[in-house]
Amino acid sequence: MPAIATLPHRHKLAEDYPQDFERIDRDRHWAGVAVVPAKSVQGLADCPPDGEPVSLLLRLALQAQVPCRGLGELASTEGDGVLFASSSQDCSRHETARIAALAERPAMFAPGRALAALFVRAFGARTLAFGPKASATAAVLLLVAGGGFAWAGHAVTGLMIAALGALAGEIARGWSALKAGLLGQPPWRHWQRFLAVIFDVGTAIICWMIMGLHGIPEINSIAALALLPVLAIGLIRLCSRMAGQGLAEFWDDRALHLLVFALATAAGGIAVGIGLVAIAALAYLAWQNRLS
């Protein structure tokens, strides 16, 4: 609908930047935004060629009796909108508010995801352009490095590095969601699924290496050695699908699970740690089934 946005005469922006907000009449300034009909634009052809097109178009629209509407009807006048930004501080405040509104909130039951969300909120504006790809690449490299350390016999270090990789993957997911919200782009869900599968498989492989290289005495069967991590990870994924929003984030927190495996390894029983995680997941599934 055609309209000319206006600011009141005593508005701060009109007073501070009179050259940018043209005076319409005694009480109003043009706010720099207008939707004008095509016939007004066509009228520019009859105007002097050395005239200022924007100012001429405003006058043509006023002559065509395009209605004037206060910008307060179209946007907030509290100073927190981009249209009212008069300094870099205003832009910075608006940027912070937009990121706070669109970034994921820290998850209550998932410390890894919560830490990733806080990281994205703190650094999202500065690194939004390259953050998702860089952190996704770092996630894969850290997982590979963790596997290398585990293969070399540094089991706890390998699991801790892999946990950092999982954290980087969560940061990539959070950055992707924030970028999608700010720029209107669809989040790259295919990469997120790819990273999820890579970390599930990578975690199982690292567990296999640690259990095999350290000769876990309670594991006497190669089949059991191979199936225990797969069973635990499979049950965790099933829990994440069946849980509600809050607990689903807990079961999807791969950094937390890797940290648990690292602590169990440091205590001398990675197989016991994996088994306890599997039992906890199985108990949760039983509880969910009882509730349903």
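**A look inside**

Modeller: Let's start at Gln65, which comes after helix α3 and has a positive phi, near 60°. Helices here are DSSP runs of H or I with at least four residues, and strands are runs of E with at least two, numbered from the N terminus. This is a predicted model, in which local features need a pLDDT of at least 70, side-chain atom pairs count only at pLDDT 80 or more, and totals for chains, interfaces and linings use all residues. Residues are numbered from 1 along each chain as its sequence is written, and side-chain values use heavy atoms, with hydrogens and water left out.

How confident is the predictor? pLDDT gives its confidence in each residue, from 0 to 100, and the chain averages 79, with 83% of the residues scoring at least 70. Over residues 76-81, pLDDT stays under 50. Where pLDDT is low, the predicted coordinates should not be read in detail.

Back to α3, which spans residues 53-63: Ser55, Leu58, Leu60 and Ala61 are its buried residues. Buried means under 20% relative accessible area, exposed over 50%, and partly exposed in between, using a 1.4 Å probe and protein chains only. Among the elements covering those α3 residues are β1 (3-8), β2 (28-35) and α2 (38-42), judged by contact, meaning heavy atoms within 4.5 Å.

Now for the cavities. On a 1 Å grid over the protein atoms alone, a cavity is a set of points where a 1.4 Å probe fits but cannot get out; lining residues have an atom within 4 Å of a point. Grid points are joined across faces, edges and corners, and a volume is the space filled by probe spheres set on the points. The model has three cavities of 30 Å³ or more.

The largest cavity has a volume of about 80 Å³. Helices α9 (189-213), α10 (222-242) and α12 (254-266) each supply at least two residues of its lining, and α12 gives the most, with four. Among the lining residues are Phe199, Asp200, Ile236, Arg254 and Phe261. By class, this lining has five nonpolar, two polar and three charged residues; Ala, Val, Leu, Ile, Met, Phe, Trp, Tyr, Cys and Pro count as nonpolar, Asp, Glu, Lys and Arg as charged, and the others, Gly among them, as polar.

The second largest cavity has a volume of about 40 Å³. Helix α6 (residues 111-127) gives the most to its lining, with three residues. That lining has four nonpolar, no polar and five charged residues, including Glu104, Arg105 and Glu249.

Definitions and conventions. pLDDT is the predictor's confidence in each residue, from 0 to 100. On a 1 Å grid over the protein atoms alone, a cavity is a set of points where a 1.4 Å probe fits but cannot get out, and a pocket is an open set with protein on both sides within 12 Å along at least five of seven lines; lining residues have an atom within 4 Å of a point.
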